[in-house]
Amino acid sequence: MSTAVKSAVAAAEIRTRVTVPLEFPDGYTTTAEVFTFTGLADGREHLALALGDWRAALTSDAAPLVRPHSECLTGDVFGSQRCDCGPQLREAVERIAGEGGFLLYLRQEGRGIGLYAKLDAYALQDTGLDTYEANLALGRGEDERDYSAAAQMLRALGADRIRLLSNNPDKALQLDALGVRVVDRVPTGVHLTGANAAYLTAKVAHTHHTIALPA
């Protein structure tokens, strides 16, 4: 996805909010207020999970902690170790619940190329391509994600300045360009496995993710 400055997008509105108790496989529990929206730029069914004392965080000097998390069925649901998405999701929920803020669950599987194409890219990675080369070999972009809807969601929630929980500099650039001020970038932990080492290394080398991989 290009980091070029985007034009302003129309306002979205909150459609529904509902309280949902959460429990993760390791036993961690918390409660989220889950928001749906109308008027999102891409027409997809993205969710915002408000966690912790998010109302106080909106008015604090520190700003709410926010993670835009792209949907990953294989990692989030099935625990795939080919990526670090599942552990990042689990980490983000607990950290945001502790500080107050939002997890945006964005329907952008495979950096925006979709589930089947992501699995096709996995097959190409098994032949020696890295994650970005595999997307290009499929005729897709290296990263097709657009955070216009994420910016709309945050503005609808009253969060026009945030602390961004992400290793990806493109998220900060896009959100800033869309009118959401990123006052701080907070990296996630390092969730390294034998199966995702090449994937994480490619993210650091190719798109300058702030992942402190061991030498």
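Which residue caps the N-terminal end of α7? It is Asn168, with a side-chain oxygen 3.0 Å from the backbone nitrogen of Asp170; a polar contact here is a pair of N or O atoms within 3.5 Å, where within protein one must be able to donate a hydrogen and the other to accept it, and residues adjacent in sequence count only if both atoms are side-chain atoms.

Some ground rules before going on. This is a predicted model, where local features need pLDDT of at least 70 and side-chain atom pairs count only at pLDDT 80 or more, while totals for chains, interfaces and linings use all residues. Residues are numbered from 1 along each chain as its sequence is written, and side-chain values use heavy atoms, with hydrogens and water left out.

Back to α7, which covers residues 169-177. Helices (H or I, at least four residues) and strands (E, at least two) are DSSP runs numbered from the N terminus. Among the buried residues of α7 are Pro169, Ala172 and Leu175, with buried meaning under 20% relative accessible area, exposed over 50% and partly exposed in between (1.4 Å probe, protein chains only). After the helix comes Gly179, whose phi is positive, near 95 degrees.

Now for the aromatics. Rings of Phe, Tyr and Trp (its six-membered ring) pair if their centres lie within 6.5 Å; planes under 30 degrees apart are stacked, over 60 edge-to-face, and the rest tilted. That rule gives three aromatic pairs. Phe35 belongs to strand β2 and Trp54 to helix α1, 19 residues apart. Trp54 also pairs with Phe102: the centres are 5.5 Å apart and the planes at 55 degrees, so this pair is tilted. Phe102 sits in strand β5, so the pair ties α1 to a part 48 residues away in sequence. Phe35, Trp54 and Phe102 form one aromatic cluster. Trp54 is buried at 7% relative accessible area, and Phe102 is buried at 0%.

Charges turn up over rings too, meaning NZ of Lys or CZ of Arg within 6 Å of the ring centre and within 35 degrees of the ring normal. Arg82 has its charged end over the ring of Tyr122, 4.3 Å from the centre, and Arg90 does likewise over Phe24, at 5.7 Å.
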